[in-house]
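Subject: Structure handover

Hello,

Please find the structure below. My notes on it come after.

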Amino acid sequence: MDLTNTQLFRGMQEPEITSLLGCLNAAERNFQKGETILSEGSITENIGIVLSGMAVISCNDIWGNTSIFGNAAPGSVFAEVYACIPGQPALVTVSAAEDTSVLFLNVGRVLTTCTNACPFHTRLIRNLLTVCAHKSLQLSQRIRHTSSKSIRGRLMSFFSECARHSGSSSFLIPYNRQQLADYLNVDRSAMCNELSKMQKEDVIEYNRNHILLKG
């Protein structure tokens with residue numbers, strides 16, 4: 001993908017990015033659907049950028065229950081918090097929701113200026129701070145979506161956010177049914193029943209991942 005369109009390299013031109021990549025020990029890896037990209041409990045010194053595909057960020061409790069915290073679409077950054085805290089074990093698992101390509105950057109090289117690319121490092125570090133701020137906002141949004149006691153309330157909170165983000169009452173959600181249930185922290189069967197009720201009541205219309213808000 002064109003890295004000039006990513007948050008981390010925003011404001012930079014392709015020759016500047018090419019110069020930086022050599023300095024940052026950039027390495028591209030491909031992952032098959034279902035493959036783990038970053039394991040919970042592991043320690044990493046690398047920031048990941050999704051080049052293609054989709055990654056899901058989740059964690060499991062000791063009983064095997066899964067909670068999904070979000071997803072990383074092409075251009076998105078992950079593991080930046082753990083990479084920036086030396087020795088901090090990851091509290092989440094990042095896995096490939098489909099065949100996914102990831103570019104890894106060494107965080108030490110990101111945070112330390114060098115003679116080859118120092119004119120661009122200040123912007124890179126500023127962009128990294130912006131990425132971290134966006135992640136904090138996303139966590140706040142999930143807390144808001146899961147604050148309702150009802151499944152319908154959680155669904156409508158999430159759908160409303162998706163509609164605002166897309167600028168339309170018709171949009172695609174980035175999760176399948178199980179992933180959506182895990183993200184909203186509800187039972188999948190109960191959630192599917194509620195979706196069916198909402199469609200029968202003409203509140204929404206859905207077809208797989210496509211949602212249309214009505215009424």
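Predicted model: local features only at pLDDT ≥ 70, side-chain atom pairs only at ≥ 80, totals over all residues.

Residues are numbered from 1 along each chain as its sequence is written, and side-chain values use heavy atoms, with hydrogens and water left out.

The largest pocket has a volume of about 1,300 Å³. Its lining comprises 42 residues, and those closest to the pocket centre are Gly70, Asn71, Lys135, Gln138 and Gln141. A pocket here is an open set of points on a 1 Å grid over the protein atoms alone, where a 1.4 Å probe fits, with protein on both sides within 12 Å along at least five of seven lines; lining residues have an atom within 4 Å of a point. Points are joined across faces, edges and corners, and the volume is the space filled by probe spheres set on them.

Helix H4 (118-145) is among the elements that give two or more residues to this lining, and H4 gives the most, with 10 residues. Helices (H or I, at least four residues) and strands (E, at least two) are DSSP runs numbered from the N terminus. By class, the lining of the largest pocket has 25 nonpolar, 14 polar and 3 charged residues. In this scheme Ala, Val, Leu, Ile, Met, Phe, Trp, Tyr, Cys and Pro are nonpolar, Asp, Glu, Lys and Arg are charged, and the others, Gly among them, are polar.

The second largest pocket holds about 150 Å³. Residues lining the second largest pocket include Met54, Glu98, Tyr175 and Asn209, and its lining divides into 5 nonpolar, 3 polar and 1 charged residues.

Nonpolar cores

The largest nonpolar core has 21 residues, of which Leu8, Phe9, Leu105 and Leu124 touch the most other members. Such a core is a set of buried Ala, Val, Leu, Ile, Met, Phe, Trp, Tyr and Cys residues joined through side-chain atoms within 4.5 Å. H4 gives the most to this core, with 4 residues. Leaving out residues up to four places away in sequence, the contacts of Leu8 include Ile49, Leu105, Leu124 and Val131; contact means heavy atoms within 4.5 Å. A second, separate core of 20 residues includes Phe158, Ile173, Val186 and Met191.

His121 also lies in H4. His121 is buried, with a relative accessible area of 0%. Buried means under 20% relative accessible area, exposed over 50%, and partly exposed in between (1.4 Å probe, protein chains only). His121 and Leu20 are 101 residues apart in sequence but 8.1 Å apart in space, C-alpha to C-alpha.

Helix H5

The 16 residues of H5 should span 22 Å at 1.5 Å a residue, and the end C-alpha atoms are 23 Å apart, which agrees. The expected span is 1.5 Å times one less than the number of residues. Ser157 lies in H5 (residues 151-166) and is buried at 18%. Beyond residues up to four places away in sequence, Ser157 touches Arg144 and His145. Gly167 follows H5 and has a positive phi, near 75 degrees.

Two loop residues

Asn25 is not a glycine, yet has a positive phi of about 55 degrees. Asn25 sits in the loop between H1 and strand E1 (27-31) and counts as partly exposed at 44% relative accessibility. Asn185, also not a glycine, has a positive phi of about 60 degrees and is found in the loop between helix H6 (177-184) and helix H7 (188-200).

Regards
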